[in-house]
Amino acid sequence: MKKKRGLFVVIEGIDGAGTTTQAKMLHAYLENRGVESVLTNEPTDEPVGKLIRDSLSGRIISPKTNKRIGFSEKALCLLFAADRIEHSASIEAARDRGTAVICDRYILSSIAYQSLDPAIKPKRVIEVNKGCSIPDMTFLLKVPVKECLKRLKNRKDVPTVYEKKKLLESIDRNYENARRRYRDTFGPVVAIDGTASQGDVHRAIIDGLGEYL
C-alpha cells in the first residue's frame, strides 16, 4: 500500500504575530499524537537563507565601503525564491516519507514583504516561486501592528529592518490584499485572531485543519 503523503502547513503573520510560537505548538501537538513531523522556517538555516537573515538584521558589511548594507526588495525576492526552491526539495522528501511539515512563514510572506517595493507586484513573486511546494493549509495570524510592536520589544532576537510601525502597517495591508491571489495558486488561507491566548490560537489552528487530522 502506498504511504499517505505528509501534511504541509504554513503559519504566517507580520513580525510579532506569534508565528514561531504557533508553529512550535502545532509541531508538538502532532508529535504527541504520534504523527511524525518536522518543524522548519523561512528564511532557512541553509547558506542562502543565512545570507537573507544577515541582510535583514544588518550583518552584511560591504568590502568596498566597510559599511553595513542590506539587499533591495528586488534582490530579496529572488533570494527568497532561491532559498525556497532548495527548501521545497527537503519538504517534498519529508512528505513522500509520510512526514508532516510545519513551516514558519512561506510564499505569502514574500508577497507581503517584498511588495513593499511598488515595482514588485504579487504576480512577480508568484512567478519566481512556481514549482515550489504547495501547502495543504496556510494560517494567517491577524494581530494589530501596535500589539506586535509591544511584543517585539520583549524579544531578545536582533531586530530586522521591518520592525517599524509604518513598514509593518504596509506589510499588514499587503498580507490582506495578497490573500486571494495567493489562494488561487498556493491553496487555502485561513485568517485567525492572533490576539487571543496562545492556547486559543492553537486550538483555532487545530480546528482549521479539521479533515487533515
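**A buried helix, a core and a crossing**

Hi everyone, let's start with helix 4, residues 107-114, which is mostly covered: eight of its eight residues are buried, meaning under 20% relative accessible area with a 1.4 Å probe, protein chains only. Helices here are DSSP runs of H or I with at least four residues, and strands are E runs of at least two, numbered from the N terminus.

A quick note: this is a predicted model, where local features need pLDDT of at least 70, side-chain atom pairs count only at pLDDT 80 or more, and totals for chains, interfaces and linings use all residues. Residues are numbered from 1 along each chain as its sequence is written, and side-chain values use heavy atoms, leaving out hydrogens and water.

What does helix 4 pack against? Its buried residues meet partners including strand 1 (8-12), helix 3 and helix 7 (165-186).

Now the largest nonpolar core, which has 55 residues. Such a core is a set of buried Ala, Val, Leu, Ile, Met, Phe, Trp, Tyr and Cys residues joined through side-chain atoms within 4.5 Å. I14, Y106 and I205 have the most contacts inside this core, and its largest share, seven residues, comes from helix 3 (residues 73-96).

Keep an eye on I205: leaving aside residues up to four places away in sequence, I205 touches I11, Q22, L26, F139, L141 and I192. Contact means heavy atoms within 4.5 Å.

Finally, the crossing of helix 1 and helix 8 is right-handed, that is, the near helix is turned clockwise from the far one by less than a right angle. I205 of helix 8 takes part in this contact, as do Q22 and L26 of helix 1.

Conventions:
Buried < 20%, exposed > 50% of the residue type's maximum accessible area, 1.4 Å probe, protein only.
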